[in-house]
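The following paragraphs lead through a single model, from its surface and overall dimensions to one residue. Please keep the sequence and the structure in view while reading.

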Amino acid sequence: MPTVHHQTPLGIVRITEEDGFINCISIRDEELTPDEPQTEVLKMAVEQMNEYFAGERKDFDLPIRQEGSDFQQEVWQELLKIEYGKTITYGEQSERMNSPLAIRAIAAANGKNNLWIVVPCHRVIGANGSLTGYAGGLWRKKWLLEHERKVVGVGQTMLEF
């Protein structure tokens with residue numbers, strides 16, 4: 001499976017491709033050496049990551065595909081609808097999906113998202129405004145939300161009451 005390790009402001013990102021689709025983008029805490037992408041799809045992913053971190057890209061147009069149940073696929077599709085620089089709560093996500101009682105299942109599916117930043121699970125926060133549930137670490141979630149807020153000049157990292 002073609003893979004590239006790419007340096008970002010938040011650490012080394014591991015991007016993998018399978019059958020012409022990006023199937024995993026994950027932040028790594030271990031010491032890895034960045035390398036060069038070997039396929040056109042990986043080159044496109046690295047370029048779009050660089051544009052995102054430079055504040056020049058708000059939407060990704062990569063060929064993506066990740067394994068998951070029909071429910072997980074539905075949850076991840078809903079994440080793609082959250083606007084850059086905005087946040088919603090897990091409750092709002094469940095309401096958008098017409099599944100108000102499925103908050104925990106939706107949160108669990110968010111946690112199974114393998115496409116860091118591209119499928120923006122970092123834009124979902126707790127009902128009390130807390131930054132909860134982020135596999136890359138809460139400090140990275142906060143950094144991403146602050147980055148997007150700065151780029152658009154609006155947005156929030158937590159709910160204001």
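The protein chain has an accessible surface of about 8,500 Å² (Shrake-Rupley method, 1.4 Å probe), and carbon and sulfur atoms account for 49% of that surface. This is a predicted model, in which local features need pLDDT of at least 70 and side-chain atom pairs count only at pLDDT 80 or more, while totals for chains, interfaces and linings use all residues. Residues are numbered from 1 along each chain as its sequence is written, and side-chain values use heavy atoms, with hydrogens and water left out.

Along the principal axes, the C-alpha atoms fill a box of roughly 45 × 35 × 25 Å.

Five helices and five strands make up the secondary structure, assigned as DSSP runs (helices H or I, at least four residues; strands E, at least two) and numbered from the N terminus. Their order along the sequence is β-β-β-α-α-β-α-α-β-α.

Helix α4 spans residues 103-111 and includes Ile-103. Ile-103 has 34% relative accessibility and therefore counts as partly exposed, the class between buried and exposed (over 50%). Leaving aside residues up to four places away in sequence, Ile-103 touches Tyr-90, Gly-91 and Ser-94, a contact meaning heavy atoms within 4.5 Å. The C-alpha atoms of Ile-103 and Tyr-90 lie 6.1 Å apart, with a sequence separation of 13 residues.

How values were computed. Buried < 20%, exposed > 50% of the residue type's maximum accessible area, 1.4 Å probe, protein only.
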